[in-house]
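Open the model in your viewer and keep the sequence panel beside it. This tour tells you what to select at each stop and what is there.

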Amino acid sequence: MHIPEKDVLPWLEYTVLFCYDKVTEIKKRDSKMLNEFIDEMYIGDEVEGFYILSSAELRKTSSGKSFLSGTVSDRTGSMDFTMWDYKDAIYADDQGKVIYLRGTVNEYRGAMQLTVSSFRFAEDYDKYDVADLVPTAPIDAEACLEDIKAMIKSIEDENFRELAETMLRRHMEEFSKIPAAKRVHHGFLGGLLMHTYNMLRTADFLSDIYADAVNRSLLLTGTLLHDFGKMKEFEFSELGMVSGYSVKGDLLGHLVMGASEVEKVAKKIGMPEEKAVLVEHMLLSHHGEPDHGAAVIPQFAEAELLHFIDMIDSRMEIYAETLPDVPAGEFSSEIFSLGKRIYNHGL
């Protein structure tokens with residue numbers, strides 16, 4: 001085909017743009033297929049990528065053939081799946097592990113379901129982003145930790161400051177990564193850091209307003225350490241999410257374990273017992289009432305204020321996590337942890 005010289009440049013531009021559009025289209029299609037988020041899946045999608053095996057159960061059809069039924073999830077949601085003619089074993093501790101799967105999204109009884117053609121458990125050499133699979137705190141963790149260290153350094157009482165610094169050094173890595181709960185509030189990676197950081201800023205602010213009644217050094221120390229016992233209370237999945245409670249977590253709880261560790265560390269660093277007991281009381285009472293898990297009720301100003309600061313941050317996080325799923329002008333369903341429905345005014 002002969003192209004007149006004057007038309008060569010426009011023809012080349014058209015060809016380049018056409019090829020670019022086609023390549024872009026292919027890339028978009030391929031990227032959608034590989035690790036497509038569950039909340040973006042549609043019926044007919046061919047899916048391939050890494051997901052969490054949230055649950056799995058080996059079943060049999062009416063003709064006696066084995067199949068696998070369960071749920072896979074990522075940070076955006078979950079979806080039921082079926083894998084026909086499954087002949088391998090599946091174990092209880094396989095749940096919560098990362099798998100690499102291939103499958104197709106279809107409809108079953110009015111809901112989307114994934115028909116899995118093959119899957120394997122993820123290996124050490126696999127590369128995937130944990131933040132795609134489990135929810136992560138929307139914070140800059142390193143910046144938050146630096147702010148927390150600065151607040152601790154500003155604690156005037158040297159005994160409380162040394163206790164806070166010692167405890168943080170002992171638990172730095174766990175503290176910055178684990179969720180604050182299995183569910184209810186801050187149940188995502190980095191949740192404990194985010195929750196504690198929010199509370200410390202509030203405590204620092206309120207200690208100035210109520211300076212006549214509150215000792216800032218004591219309040220900041222108790223606030224920092226109030227949930228450190230959760231590091232031993234919980235058991236964690238391979239991705240760091242809370243999978244259940246440890247034996248001590250069930251038998252003692254994080255309030256008692258946290259206060260017990262404070263007592264031991266305080267003795268080790270030579271902290272006066274009367275000061276250590278104040279911090280222990282704050283940890284044991286920060287749930288406010290025995291009906292809510294407190295070992296004792298708050299009996300001095302800093303303990304009382306810690307309880308309310310904890311309530312504020314946990315309840316506001318419940319609102320923050322619930323409202324995006326509630327249409328403007330409507331109420332949510334009953335929220336067990338709040339004991340009520342909440343309204344989205346849409347403002």
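Does asparagine 198 count as buried or exposed? Asparagine 198 counts as buried, because its relative accessibility is 16% and buried means under 20% relative accessible area, exposed over 50%, partly exposed in between (1.4 Å probe, protein chains only).

Before going further, note that this is a predicted model: local features need pLDDT of at least 70, side-chain atom pairs count only at pLDDT 80 or more, and totals for chains, interfaces and linings use all residues. Residues are numbered from 1 along each chain as its sequence is written, and side-chain values use heavy atoms, with hydrogens and water left out.

**Stop 1: asparagine 198**

Stay on asparagine 198. It sits in helix H5. Helices (H or I, at least four residues) and strands (E, at least two) are DSSP runs, numbered from the N terminus. Now show aspartate 313. The side chains of asparagine 198 and aspartate 313 are joined by a polar contact of 3.2 Å. A polar contact is a pair of N or O atoms within 3.5 Å; within protein, one must be able to donate a hydrogen and the other to accept it, and residues adjacent in sequence count only if both atoms are side-chain atoms. Leaving out residues up to four places away in sequence, asparagine 198 touches His186 and Asp313. Contact means heavy atoms within 4.5 Å.

**Stop 2: H5 against H6**

Select residues 191-209 for helix H5 and 216-225 for helix H6. They pack at an angle of about 165 degrees, with their axes 9 Å apart. That makes H5 roughly antiparallel to H6. Axes are lines fitted to C-alpha atoms, for helices over the stretch in contact, and angles run from 0 to 180 degrees between N-to-C directions. Angles under 35 degrees count as roughly parallel, over 145 as roughly antiparallel, 65 to 115 as roughly perpendicular and the rest as oblique.

Show the side chains next. H5 contributes Thr196, Met199, Leu200, Ala203, Asp204 and Ser207 to the contact. H6 contributes Arg216, Leu219, Leu220, Thr223 and Leu224. By class, the residues of this contact are six nonpolar, three polar and two charged. Ala, Val, Leu, Ile, Met, Phe, Trp, Tyr, Cys and Pro count as nonpolar, Asp, Glu, Lys and Arg as charged, and the others, Gly among them, as polar.

**Stop 3**

Move to H10 and H11. Their axes come within 9 Å and cross at roughly 35 degrees. His281, Met282 and Ser285 of H10 meet Glu302, Ala303 and Leu306 of H11. This contact of H10 with H11 has three nonpolar, two polar and one charged residues.

Now pick glycine 293. Its place is in the loop between helix H10 (273-285) and helix H11 (301-322). Glycine 293 is partly exposed, at a relative accessible area of 43%. Not counting residues up to four places away in sequence, glycine 293 touches Leu255 and His287.

**Stop 4: two loop residues with positive phi**

Select aspartate 85, in the loop between strand E3 (77-84) and strand E4 (98-108). Aspartate 85 is not a glycine, yet has a positive phi of about 55 degrees. Its relative accessibility is 46%, so aspartate 85 counts as partly exposed.

Then select arginine 109, in the loop between E4 and strand E5 (111-121). Arginine 109, also not a glycine, has a positive phi of about 55 degrees. Arginine 109 is exposed, with a relative accessible area of 75%.

**Last stop: the whole chain**

Zoom out. The protein chain has eleven helices and seven strands. Of its 347 residues, 42% count as buried.
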